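Please keep the display open while reading.

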Amino acid sequence: MRRANALVARFRQVLYKGHSVLLYNLLMKGYIKSNFPLGALTVKDEILRQGLKPDRLTYNTIIFACVKASEIDKAFRFLEDMKDEAKRGDNPELLPDAVTYTTLLKGLGNSQDLYSVLKIVVEMKSSLISIDRTAYTAMADAFLACGSIDGALCIFGELIKQAGSNNDLRPKPHLYLSIMRAFASIGDFDMVKRLNKRMWPDSVGSISSSAKQEAVELLMEAAINNNQIDVARRLLRRIVNEKVYFSWTSRVGLVALKVETLSGFTNSPLRPHVFPQIILNDPVEKYMIPFHESRPLCADLILENVVMRFWKDSAVPLVNDWGSCVGIVHSHDCTKMDAPLVSMARPPLCVPASTSLKHVIDLLLREKSEMVVLVKNGNMYEGSYTSSSRPLGVFSLAFLSKYGAMHETSMTSESPG
């Protein structure tokens with residue numbers, strides 16, 4: 001922004017000749033993209049000091065800057081200034097347009113000011129501006145952000161009605177999905193299903209694969225919120241068959257957790273692993289691998305000399321010249337081929353050998369680590385490794401996968417046919 005301001009100052013004489021605020025408008029957009037959007041207000045002051053007149057784009061940019069900075073009151077003050085200036089100069093080109101109002105609607109939606117949203121919508125409809133698909137969508141999104149599903153439905157219904165005679169007003173899939181999210185959250189399965197059905201023939205533009213997946217996820221969310229467990233389970237099976245993976249923190253993941261809880265272990269569509277030979281309250285020492293069998297690597301080795309080891313193992317312990325464990329290298333941390341392993345290692349996560357398996361698994365998940373080092377029982381507990389605590393063995397999440405694979409193999413061999 002310093003360099004941009006310097007360029008504007010240098011070519012100020014050129015700006016005077018054309019009486020143009022074009023470069024000043026570009027400068028304001030630069031402030032909006034920076035971390036200081038309200039810097040655009042100082043540019044407007046500079047425009048006035050130079051004897052230039054702000055145009056509609058200037059005001060729209062300033063209002064956008066205020067919205068981005070969450071200064072809605074200032075945005076409304078500039079809206080009134082815009083109207084007053086247009087009236088004072090008898091300049092209809094300075095009156096607010098659809099961009100002005102949609103920008104304000106976005107800010108009001110973020111602040112959940114339903115009364116002001118209604119006020120802006122009424123003002124838009126009573127003005128002479130052309131309300132296009134983008135403006136209708138902004139109205140509906142603002143109502144939804146304020147929690148007014150009825151308001152969004154009124155706008156949506158008006159848009160669908162207008163689209164009958166104007167194909168340019170046909171809504172995009174985004175609007176269908178936005179309304180479906182609102183109905184899914186309150187468990188209105190029939191409405192979500194109806195919107196999902198009409199989205200295909202009535203929307204304009206292509207429907208992306210992510211939009212298709214989200215539509216199915218919203219159906220499942222609506223079903224679970226409406227206590228239709230069997231329907232939600234069928235939809236979850238469909239999602240599991242189509243998806244390679246999904247995050248448990250995503251919408252489908254959170255709903256899948258509800259389905260799993262209500263379905264019970266035997267009816268789970270996710271086929272969870274069964275570990276009959278593992279008891280969570282057992283000491284982790286019972287399931288560890290002796291430290292020397294984990295094939296630790298020397299800490300000063302260069303990654304390119306042992307890179308194939310990390311193709312097989314997701315985590316490998318490191319030792320120094322005295323045999324003490326000085327770190328654990330995870331395969332996804334291996335980013336520099338010419339660097340020593342110790343530079344990419346994490347401090348070893350250590351627990352006493354008597355720690356319960358359940359506690360160790362929780363620790364690995366909480367620390368987002370693949371492996372723990374087991375040491376003799378002493379006064380240390382989940383602390384940093386010291387040379388006085390000799391490593392007994394290691395335990396990793398990969399061992400659990402092996403147990404699950406062994407159980408599935410044994411179950412397959414025991415089944416008839």
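## Overall make-up

Helices, as named here, are DSSP runs of H or I that span at least four residues, strands are runs of E with at least two, and both are numbered from the N terminus. The model is predicted, and on this basis the protein contains 18 helices and seven strands.

Of the 417 residues in the protein, 43% are buried. Among contacts between residues at least 6 apart in sequence, 56% join residues at least 24 apart.

Q112 is found in the loop between helix 7 and helix 8, the latter covering residues 114-126. Its phi is near 55°, a positive value in a residue other than glycine, and Q112 counts as exposed because its relative accessibility of 57% is over the 50% cut-off.

S70 lies in the loop between helix 5 (56-68) and helix 6. The phi of S70 is positive too, at about 60°, although S70 is not a glycine, and with a relative accessible area of 60% S70 is exposed. A further loop, between helix 3 (22-33) and helix 4 (39-49), holds N35, which is exposed with a relative accessible area of 81%. Although N35 and A69 are 34 residues apart along the chain, their C-alpha atoms are separated by 9.4 Å.

How are helix 6 and helix 7 oriented where they pack? Helix 6 (residues 72-88) and helix 7 (residues 98-111) meet at an angle of about 160°, with their axes 10 Å apart. Because angles over 145 degrees count as roughly antiparallel, helix 6 is described as roughly antiparallel to helix 7. The crossing in which helix 6 passes helix 7 is left-handed. On the helix 6 side the contact is made by I72, A75, F76, L79, M82 and K83, while helix 7 contributes T100, Y101, L104, G107, L108 and S111.

Helix 7 also packs with helix 9 (residues 133-145), here at an angle of about 15° and with the axes 8 Å apart. The two are therefore roughly parallel to each other, since the cut-off for that description is an angle under 35 degrees. The crossing of helix 7 and helix 9 is left-handed. Here T102, L105 and G109 in helix 7 meet T134, A135, A138, M139, A142 and A145 in helix 9.

## Aromatic pairs

How many aromatic pairs does a search of the whole structure find? The search finds two. One of them is formed by Y31 and F36, which are arranged edge-to-face, with 6.5 Å centre to centre and 80° between the planes. Y31 is buried, with a relative accessible area of 13%.

F156 and Y176 also form an edge-to-face pair, with 5.2 Å centre to centre and 85° between the planes. This pair links distant parts of the chain, as F156 is in helix 10 (residues 149-163) and Y176 is in helix 11 (residues 173-185), 20 residues apart. F156 counts as buried at 9% relative accessibility, and Y176 counts as buried at 1%, because buried means under 20% relative accessible area.

R309 lies in helix 16, which comprises residues 309-312. Is R309 buried or exposed? With a relative accessible area of 11%, R309 is buried, and its side chain makes a polar contact with the side chain of D313 at 2.6 Å. If neighbours within four places in sequence are left aside, R309 is in contact with S294, R295, L297 and V316.

F310 also has its place in helix 16 and is buried, with a relative accessible area of 9%. Beyond its neighbours within four places in sequence, F310 is in contact with L297, L303, V316, V329, S331, C334 and L341. The C-alpha atoms of F310 and H332 are separated by 8.8 Å, although these residues are 22 residues apart along the chain.

Methods:
Residues are numbered from 1 along each chain as its sequence is written. This is a predicted model: local features need pLDDT of at least 70, side-chain atom pairs count only at pLDDT 80 or more; totals for chains, interfaces and linings use all residues. Side-chain values use heavy atoms; hydrogens and water are left out. Buried means under 20% relative accessible area, exposed over 50%, partly exposed in between (1.4 Å probe, protein chains only). A polar contact is a pair of N or O atoms within 3.5 Å; within protein, one must be able to donate a hydrogen and the other to accept it, and residues adjacent in sequence count only if both atoms are side-chain atoms. Contact means heavy atoms within 4.5 Å. Rings of Phe, Tyr and Trp (its six-membered ring) pair if their centres lie within 6.5 Å; planes under 30 degrees apart count as stacked, over 60 as edge-to-face and the rest as tilted. Axes are lines fitted to C-alpha atoms, for helices over the stretch in contact, and angles run from 0 to 180 degrees between N-to-C directions. Angles under 35 degrees count as roughly parallel, over 145 as roughly antiparallel, 65 to 115 as roughly perpendicular and the rest as oblique. A crossing is left-handed if the near helix is turned anticlockwise from the far one by less than a right angle, and right-handed if clockwise.
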